[in-house]
Amino acid sequence: MPIKRIIIIGAAGRDFHNFNVVYRNNDHYRVVAFTAAQIPNIADRIYPPALAGKLYPKGIPIFPEANLPALIHQLDVDECIFSYSDVSNQKVMETSAIVNAAGADFILLGPRQTQLKLKKPVIAVGAVRTGCGKSQTTRNIIEYLMTKGIKVISVRHPMPYGDLASQRLQRFETLEDLDAHQCTVEELEEYEPHVVRGNVIYAGVDYNAIAAAAQNDPKGCDVIVWDGGNNDFPFYKPDLLVAVTDPHRPGHELSFYPGTTTLRMAHAVIINKVDSAEKQDVKTVLHNITTVNPDADIILCASEVNVTHSDRVRGKRVLVIEDGPTLTHGQMKIGAGVIAARKYGASEIVDPRPFAVGSLADVYNNYPEIGPVLPAMGYSPSQLKDLQATIAKTECDVVVIGTPVDLNRIIPTDKPCVRVTYELKEIENSRLTKLLDAFAKKHRLS
């Protein structure tokens, strides 16, 4: 059979995993390029030979996704593998049309080919969109398991935005580990909450190597908790899959890829933020869950928001900083920061858009649906400087930091700041803890 020529369409995460487990040493295929989208500054680099394997002594080039039709013709491509997450079903099929019109086949790889089976039991947390509350759900699960004396190791969906070879396998146990790996703000938002709670977390590029290291971690490992990214399904085959939904975006659980896949696969589904969502929207999400996954356990939860020094907020003009990806490709107009500002009586939420500097101004232009909040974008040192400058220029009394990471540790400001925390809180019958107890008993973890 002739060797098929492949482009993997990605965003520095699922694309590299799909290559590693399906194509890297497969003589029937040649991956002639990756394309990159969604994240700034991840194109125009090379997937390095050290990761690409013996079939690719020069590595594999990474191009902007906008070049896809031309690349299909220039590189004589047979198949394009769509390999990133948190995109609308319409966007997926539009990309399929672009690929097919250029003459190539369009392919979506599923769990059977891409999920790795581990020796340790796996609990996976996924979601139907970015910003549903995966991280707080993961933290809640880990903290509960740790109270039972169970040794938990977390593995996070990849965010390799820097030097790929050096990011092959990353282990984070201390804040110093985060600094040593030169983590972006987006990485810090995911890793730091684990580290400060005394939990080890792994991430990187090669999830076979990561699995081996995590299961044999020096601190011990009874169970792996997969902390998902965007709305992707897990790289490891889960023994328990928990999907998180968001009634602030009713209907998205059925209309975004691959979130609806994650929902349909889940053993349990959390409807989060019921404390701040409209009742009818909660009912819509509940109806959609029961329609496509009637056997799933459904758990209602609140996202409990608190603020340090809440007295500093009341009656003040506040600048709200929210998690960047939640506002950009997650398409949320507000997050925990806005909810906290309203809860604690801010007199005004100041619009930072007139004060946006450099790349932050570009973000607002590229995502015009973002409202009067500041996305915590920090994919590069220059973008961090733009974020710091935008905060400095914005005329406000107090900065409300609604990101999972303490931004003051990264970009100090002279303005008074308060930090928002948000934790998952079950509102009925401890159903999640009962589910975890049954899991621990089944796998003889306690």
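## Sheet, helices and a buried arginine

Helix α1, formed by residues 14–23, lies across β1, β2, β3, β4 (60–64) and β5 (79–83), and its direction is at about 175 degrees to that of β2. A further helix, α4 (residues 89–101), packs on the sheet as well, where it touches β1, β5 and β7. The direction of α4 makes about 150 degrees with that of β7. The model is predicted.

| Helix | Residues | Reference strand | Angle |
|---|---|---|---|
| α1 | 14–23 | β2 | about 175 degrees |
| α4 | 89–101 | β7 | about 150 degrees |

The sheet itself is open and has six strands in the order β3-β4-β2-β1-β5-β7, with mixed pairing. Its edge strands are β3 (45–47) and β7 (105–107), each of which pairs on one side only. On average, neighbouring strands of the sheet are turned by 30 degrees against each other, direction ignored.

Within this order, β1 (residues 4–10) and β2 (residues 29–36) run parallel and are joined by seven bridges. The bridge partner of I7 in β2 is A33.

Elsewhere in the chain, R249 is located in the loop between β13 (240–245) and α10 (252–255). Is R249 buried or exposed? Its relative accessibility is 6%, and R249 therefore counts as buried, the cut-off being under 20%. Leaving aside residues up to four places away in sequence, R249 touches R129, T130, G131, C132, K273, G330 and M332.

Methods: Residues are numbered from 1 along each chain as its sequence is written. This is a predicted model: local features need pLDDT of at least 70, side-chain atom pairs count only at pLDDT 80 or more; totals for chains, interfaces and linings use all residues. Side-chain values use heavy atoms; hydrogens and water are left out. Two strands pair if DSSP finds at least two bridges between them. Helices (H or I, at least four residues) and strands (E, at least two) are DSSP runs, numbered from the N terminus. Axes are lines fitted to C-alpha atoms, for helices over the stretch in contact, and angles run from 0 to 180 degrees between N-to-C directions. Contact means heavy atoms within 4.5 Å. Buried means under 20% relative accessible area, exposed over 50%, partly exposed in between (1.4 Å probe, protein chains only).
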